[in-house]
Amino acid sequence: MQKGKRMFGTNGVRGVVGEEMTPALVLKIGAALGSMRKGTIAVGRDTRTSGEALAHALKAGLLMTGCDVVDMGILPTPALQYIIKANRFDGGAMITASHNPPEYNGVKIIEADGTEMSDDETIRLEDRFFAGEFNAASWDRVGAETVAPDRIEEYIQAVVGHFPPGIGEGMTVVVDPGSGPAALTTPIILSRMGCRVHTINARLDGTFPGRMPEPTPEGLQPLSEMVVATGAAFGVAHDGDADRAVFVDNKGCYIEENYEFGLVEDYVCSRNPGGLVVTPVATSRLIREIAERHGCTVDYTPVGSIYVARRMIELMGEGKKVSFGGEGNGGLIYADHQFCRDGGMTAAMMVAVLASHNGRKLSEIRDGLPAYHLVKEKRHVRDPATLVHAVEEAFSGETVEKIDGIKIVRDNVWALVRASGTEPMVRIMIESKDPAVAEAMYQEIMQVVTG
C-alpha cells in the first residue's frame, strides 16, 4: 500500500497562522523544496496579512540550500504558474490559503511546468521535512534574491493575447476580486479586451473587509446589485488566490459553477470538437451532455484540479486530443494556455462566450442549458473509509465506479460517496434531471449511511 501525504492536502498545506502555520514550519518547507529543486525558484503570495512574514521564511529556506529566488510579490496563483512555465524556472511556491478565511495561510508548491507538485513528489518533500534532511549550502554558495513584481504583466498579456482584439467592445462588466490579487489582473485584462469595467472590493486588503475569500452567493450580493445598477453583461468574482472565477448574470443571479463550466465548455468545444473533456467524478452530468454535442468524450478523474491537469498532460502525451478540462467549482483549465485552474482566463473566456452569442443575454444562454437537480451533503463520521465500503457493499449489484470513493451510476441518476481528504467526514452528491428521482436515491443512500 502506497504511503499517503501527512501534511499536504489536495492543494498544498494550510493552517491557522500562529497555530499550525508558522514561519518556522514554512522555512522548513522552503529548505525541503530547495534541497529537491536546485536552481531558480519563483515565489509569490496573495494579500493575506501574514503573507509577507511567511514569504520571507520560505525564501530563507530556499536561499539557505543554494537556490536563487525571484520574488514576484502579490499576484494570482495562475499568474505565478504561467510565469514559471513560460520562463522555465526550476520550480515555485505560492503563499496562499486560497478560499480559506483570513486567519489561514498556506503553501502551494509548483513544478517547472507550472503544475502543482504531484502526490509522489509531495511525499518525498514531506519525508525530507520530517527527517530534517536539508542540503544547506556553504557560506559562498547560498542563493541570491531578486524582486520582480512587474513580471505579472507577462500573464496579463498572455491572457489578453488569447482573444481577438476588441472582442469585448461595447460590453460592461463588474469585477469583484474580493480584496485579493486578482485586483491587479482581471480588471486590466477585461479592459484591454475592450470592456468597460467597474470594480468592487478591488483594494488589496488581507483582512478581506468586503467579503470572505470564498465567493458565495450570499457574499456576492453587492456584486449582483452593481451588475443590475450598471446594466452590466455579467459580474465575475474570484477566490483568495484567483485560480477560480464565479459569475452572476445580467440579472444579478448567481450561476452555479457546473453551469459556468457548461457555458465555457460549450464555447471551447465548439471550436475544438471531437476531443476529450477531463473532469472529476463529482462534476455534473451536464458536462457530459454538452461534450457529446460536439463529439467530445468525458474522461473522469479523482476530485482535485491537480489530477485533472496531470491527466490532461498524460492524454496529450499519448497523442490524444484534449479539448478542455476543469472542475465544477469555478476552476477551469485551458490546455492551449496552461495546465492549472485559471480564474483570469475564465473571466476573459466569459467575454468571448457572450461575444459569440450575438447580443443574447447571459441569463438567456444559461436558461438554455439542460436542467439538473443536485443534492450535496457532508456527514462527519468516525471512520469514513468503512462507511464508503458499506455503500459499495450495499450497491454491489449495480454499476459502480471507484475512481474516487464509490459512484453509483444509473440511467437517470448518479450518486457519489467519498471520504474527505482533509477531515473525518464523507461527501455525498446525488444528481438527476428529476428532483424526485434524486430524492429517492438520497433516501437509499441514507439508509446505508445512518445504518
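Five strands form an open sheet in the order 8-7-9-10-11, with mixed pairing. Strands here are DSSP runs of E of at least two residues, helices are runs of H or I of at least four, and both are numbered from the N terminus. Two strands count as paired if DSSP finds at least two bridges between them. Strand 8 (196-199) and strand 11 (254-255) are the edges. Each has a single partner strand, so one side of each is left without a neighbour in the sheet.

This is a predicted model: local features need pLDDT of at least 70, side-chain atom pairs count only at pLDDT 80 or more, and totals for chains, interfaces and linings use all residues. Residues are numbered from 1 along each chain as its sequence is written, and side-chain values use heavy atoms, with hydrogens and water left out.

Look next at the pairing of strand 10 (residues 245-248) with strand 11. The two run antiparallel and are joined by two bridges. Here F247 stands opposite I255 of strand 11. Helix 7 (residues 221-230) packs on this sheet. Helix 7 touches strand 7 (172-176), strand 8, strand 9 (234-238) and strand 10, where contact means heavy atoms within 4.5 Å. The direction of helix 7 makes about 165 degrees with that of strand 7. Such angles run from 0 to 180 degrees between N-to-C directions, with axes fitted to C-alpha atoms, for helices over the stretch in contact. Helix 11 (residues 343-355) lies across strand 9 and strand 10. Helix 11 runs at about 170 degrees to strand 9.

**Rings and charges**

How many aromatic pairs does the structure hold? There are four. Rings of Phe, Tyr and Trp (its six-membered ring) pair if their centres lie within 6.5 Å; planes under 30 degrees apart are stacked, over 60 edge-to-face, and the rest tilted. One of the pairs is F234 with F247, which is edge-to-face, at 5.6 Å centre to centre and 70 degrees between the planes. F234 lies in strand 9 and F247 in strand 10, so the pair ties together parts that are 13 residues apart in sequence. Both sit inside: F234 is buried at 0% relative accessible area, and F247 is buried at 0% too. Buried means under 20% relative accessible area, exposed over 50%, and partly exposed in between, with a 1.4 Å probe and protein chains only.

F324 and Y334 make a tilted pair, because their ring centres are 5.4 Å apart and their planes are at 50 degrees. F324 belongs to strand 14 (residues 322-326), and Y334 to the loop between strand 15 (332-333) and helix 11, so this pair links parts 10 residues apart in sequence. Both residues are buried. With F261, they form one aromatic cluster.

K407 meets two rings. Its charged end sits over the ring of Y300, 4.7 Å from the centre, and over the ring of W414, 4.5 Å from the centre. The test is NZ of Lys or CZ of Arg within 6 Å of the ring centre and within 35 degrees of the ring normal.

Another open sheet has four strands in the order 13-12-14-15, with mixed pairing. Strand 13 (297-301) and strand 15 are its edges; each has a single partner strand, so one side of each lacks a neighbour in the sheet. Strand 12 (residues 276-280) pairs with strand 13 in the parallel sense over five bridges. L276 has T297 as its bridge partner in strand 13. Helix 9 (residues 286-293) lies across strand 12 and strand 13, at about 145 degrees to strand 13.

Six of the seven residues of strand 5 (residues 104-110) are buried. Strand 1 (residues 13-16) runs antiparallel to strand 5, joined by four bridges. V13 has V107 as its bridge partner. Strand 4 (residues 91-95) also pairs with strand 5 in the antiparallel sense, over four bridges. There A93 partners I109.

Helix 5 (residues 152-160) buries I152, Y155, I156, A158, V159 and V160. Their cover includes strand 3 (68-74), helix 3 (77-87), helix 6 (186-192) and helix 11.

How many disulfides are found in the whole structure? The search finds zero, with a disulfide being a pair of cysteine sulfur atoms within 2.5 Å. The sulfur of C296 is 3.9 Å from the closest cysteine sulfur, in C269, too far for a bond. C296 is buried, with a relative accessible area of 5%. C67 is buried at 0%.
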